[in-house]
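Visitor: I am new to this structure and would be grateful for a close look at its charged side chains. Please take one pairing as the starting point and proceed from there.

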There are 2 protein chains.
Amino acid sequence: MLKIGILGLGTVGSGVVKILEKNEENIKNKVGAKLKIEKILVNNLNKKRELNFAQGILTNDAAEIIDNPEIDIVVELIGGEYPAYDYIIKAIENGKNIVTANKLVIAKHGKVIFKKADENNVQVCYEGSVAGGLPIIRPLQNSLAANKIKKIYGILNGTTNYILTDMSKKNKEFADSLAQAQKFGFAEADPASDIEGADAAYKITILSLLAFERFVDVNSVYVEGITNIASEDIKLAAEMGYIIKLLAIAKNSDQGLDIRVHPAFVPQDHPLAMINGTYNCVYLHGDAVGQVMSTARGAGQMPTGSAVVSDIMQVSKDINFNQREVQRIDKFLDSQVVDINEIENSFYLRLEVYDQPGVMAHIAKIFGDNNVSLASVLQKQKDNPIVPLVFITHQVKEKDLNKSLKAIESLKDVVKINNIIRVENNI
Amino acid sequence: MLKIGILGLGTVGSGVVKILEKNEENIKNKVGAKLKIEKILVNNLNKKRELNFAQGILTNDAAEIIDNPEIDIVVELIGGEYPAYDYIIKAIENGKNIVTANKLVIAKHGKVIFKKADENNVQVCYEGSVAGGLPIIRPLQNSLAANKIKKIYGILNGTTNYILTDMSKKNKEFADSLAQAQKFGFAEADPASDIEGADAAYKITILSLLAFERFVDVNSVYVEGITNIASEDIKLAAEMGYIIKLLAIAKNSDQGLDIRVHPAFVPQDHPLAMINGTYNCVYLHGDAVGQVMSTARGAGQMPTGSAVVSDIMQVSKDINFNQREVQRIDKFLDSQVVDINEIENSFYLRLEVYDQPGVMAHIAKIFGDNNVSLASVLQKQKDNPIVPLVFITHQVKEKDLNKSLKAIESLKDVVKINNIIRVENNI
């Protein structure tokens with residue numbers, strides 16, 4: 001029998017307990033040993049819960065799990081940076097194997113955690129940290145290992161994908177769709193980490209770590225959320241054959257790693273454009289395998305629970321048969337993230353200008369002077385002194401685009417620049 | 001240093017050699033040891049080849065690999081049942097770890113091979129046997145292990161998917177599209193195993209083995225190929241909102257395993273309908289994870305090479321660090337495949353009838369007498385004494401449908417039954 005201690009009994013923690021109970025027989029067969037939940041850390045011992053536990057299982061003292069000599073595997077599901085990180089380190093030092101779904105801790109502190117695990121001859125598994133139940137961490141470690149991965153595009157945040165899908169299908173503004181996502185439980189009461197892109201940034205940092213075997217400072221990843229996307233942008237994108245998605249992108253280049261999270265125009269006929277609602281998707285390109293795309297529900301009790309319990313089973317089997325999966329993460333190098341200003345992209349620009357002769361000529365001249373060449377221009381007639389003007393540029397470095405935007409912004413004919421969104425034509 | 005012997009230097013074998021050379025440094029880093037190709041079995045030592053090898057690498061004597069005490073891993077890529085099976089068994093008995101892409105041998109003889117491997121404390125890896133480079137074997141073994149898999153739908157044969165896509169997009173007949181597939185190298189000179197469905201049947205048997213932990217006799221799997229699909233069927237399917245795909249299906253039920261390969265109507269808006277050309281796709285449903293879909297190129301030198309080399313790396317790492325991945329396949333049970341006659345499906349039927357009063361009434365009465373209820377009927381007016389008649393039934397057992405078809409066939413108003421294709425509305 002192997003004994004498990006779970007830190008945290010929120011959404012995912014409850015899912016893990018349910019799956020361990022529901023598929024108990026199956027799991028025992030696959031692992032070769034019975035798995036027993038020994039202790040679960042909760043904040044409040046007296047809270048009413050959906051699940052029932054025997055006396056003594058629930059505790060509000062983390063030490064009863066981390067320092068418990070009976071416990072073989074510590075499952076960290078409290079989320080956030082601290083105390084989760086400290087618990088993980090302490091548990092490793094105590095010789096526990098770790099299963100976690102904590103993207104923040106792995107993205108920020110992976111290097112220290114993996115080193116510590118190696119020194120203590122234990123495993124750290126984190127399939128649940130990226131894209132819920134979608135198998136992607138282990139496939140990058142094994143089934144795709146022969147490849148030099150060139151690039152990864154991910155839709156890695158279910159909340160924002162739900163909001164963008166809802167805005168797009170129902171012609172709604174961001175705030176309305178966010179409110180609906182919160183009502184349905186697809187967005188937290190404080191949705192900042194999702195809608196501002198941080199959540200996706202942690203996840204793409206983890207995928208990039210495995211795909212390119214490089215550690216990067218997660219704080220150097222460029223992050224832009226979806227709070228500025230207007231219904232008007234989605235409508236214009238559709239007219240031009242695009243759908244707006246929050247993309248997490250990682251590419252390997254001679255200059256370093258190009259890692260970023262931002263909304264992007266995705267061509268309507270690209271498979272990524274078809275990933276809707278709370279689904280997540282990972283689309284990658286390896287030098288041998290070519291393109292691989294996987295999609296599944298990216299969050300929630302059962303999908304993430306599936307990944308966590310699968311990790312628990314793998315570690316349990318290894319313990320039971322006295323094996324250990326070696327990851328050789330000690331061989332990974334540190335790497336810089338390429339400055340976003342040096343990245344080339346095509347851009348969508350939406351402006352409001354006074355409807356006066358010469359305005360287009362002024363703007364076009366500024367673009368020309370800054371080597372920004374235009375792929376398309378859309379000017380809509382309106383019975384209004386202020387008219388919208390939409391451009392899509394060819395490939396241009398961000399810094400060159402920004403230079404021209406600064407000049408354009410100061411033109412007296414220009415009311416405002418409403419939005420700038422990157423266009424990903426070569427996914 | 002670990003030494004590899006490769007049996008077979010065809011398409012996939014050459015791809016494996018290329019990847020091992022191209023990504024040598026990368027691979028060494030991940031594995032922790034240099035991998036050296038010690039010997040390669042070929043038919044003809046004097047054949048001109050794209051790749052160059054040092055003196056003594058190529059051999060036409062399998063024993064120089066299988067019985068070679070220097071060799072750690074035997075990579076079987078000759079395909080077919082014999083002598084591949086004998087080589088694998090002998091190599092295992094000699095303590096070699098095995099990597100193979102041989103779906104036929106694993107589907108037919110997996111049970112014996114896995115048992116033999118356990119007895120000899122070696123591993124057998126076969127990620128390359130299903131869906132080329134798409135990670136699916138190991139994900140079923142680990143990242144998805146917590147799930148009770150309920151059903152799997154696969155597009156597992158690139159040749160037939162290419163042909164059906166070409167027929168569909170270009171309004172062509174089967175023979176023309178087959179000829180084009182052969183011209184482009186997407187179909188063999190003898191395409192029987194692909195177009196008649198056997199190839200997909202081996203693959204779904206392997207997926208079913210891992211998903212349901214059941215061994216089945218591959219000969220009891222119902223198999224129907226695409227040779228009878230006419231351009232007319234594809235056109236009618238499109239009119240009714242469907243696309244025709246060769247589906248490989250595996251479902252777990254109380255009656256046993258429902259495993260079959262046959263062309264099927266797939267709703268146009270289902271993700272499987274969008275998998276075109278030589279792409280493969282696995283779509284599965286687990287009780288915890290929900291729906292997961294993965295797609296990648298399903299065959300070819302580099303994609304399959306990617307899976308094979310990834311397996312070689314995994315085994316090499318395990319050997320190097322004195323580990324062994326335990327699969328517990330000894331716990332898998334034998335299972336029956338449910339008789340296709342007992343399976344319920346919706347069906348598309350295309351008939352030719354003499355355009356005479358009463359014919360529809362006669363046919364409808366036969367359906368009614370046999371409890372076959374109709375979902376839709378399509379009758380096209382033509383200036384012709386013989387007219388086509390198309391039905392889609394509601395769910396009905398195959399045996400009940402067949403009883404009515406026998407009666408309908410004998411009606412004097414009925415010229416012929418052109419085609420019967422299963423309709424999969426509930427994927």
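Guide: Lys172(B) is buried, with a relative accessible area of 17%; here buried means under 20% relative accessible area, exposed over 50% and partly exposed in between, for a 1.4 Å probe and protein chains only. The model is a predicted one, in which local features need pLDDT of at least 70 and side-chain atom pairs count only at pLDDT 80 or more, while totals for chains, interfaces and linings use all residues. Residues are numbered from 1 along each chain as its sequence is written, chains are lettered from A and ligands numbered from 1 in the order in which they are written, and side-chain values use heavy atoms, with hydrogens and water left out.

The partner of Lys172(B) is Asp166(B), and the two side chains meet in a salt bridge at 2.8 Å, N to O. The term requires a side-chain nitrogen of Lys or Arg within 4 Å of a carboxyl oxygen of Asp or Glu. Asp166(B) is buried as well, at a relative accessible area of 5%. Side chains of opposite charge can pair when their charged atoms come close.

Over all chains, 62 salt bridges are found. One of them joins Glu119(A) to Lys115(A), whose closest N and O atoms are 3.2 Å apart. Both residues belong to helix α5 of chain A and stand 4 residues apart, about one turn of the helix. Helices (H or I, at least four residues) and strands (E, at least two) are DSSP runs, numbered from the N terminus. Glu119(A) and Lys115(A) are both exposed.

A further salt bridge, between Glu342(A) and Lys399(A), has an N to O distance of 2.9 Å. Because Glu342(A) lies in the loop between β14 (333-334) and β15 (344-354) of chain A, and Lys399(A) in helix α14 (residues 398-409) of that chain, the pair ties together parts that are 57 residues apart in sequence. Glu342(A) is partly exposed, with a relative accessible area of 32%, and Lys399(A) is partly exposed at 36%.

Salt bridges can also form a network, as with Lys3(A), Lys36(A), Glu38(A) and Glu70(A), which are linked in this way.
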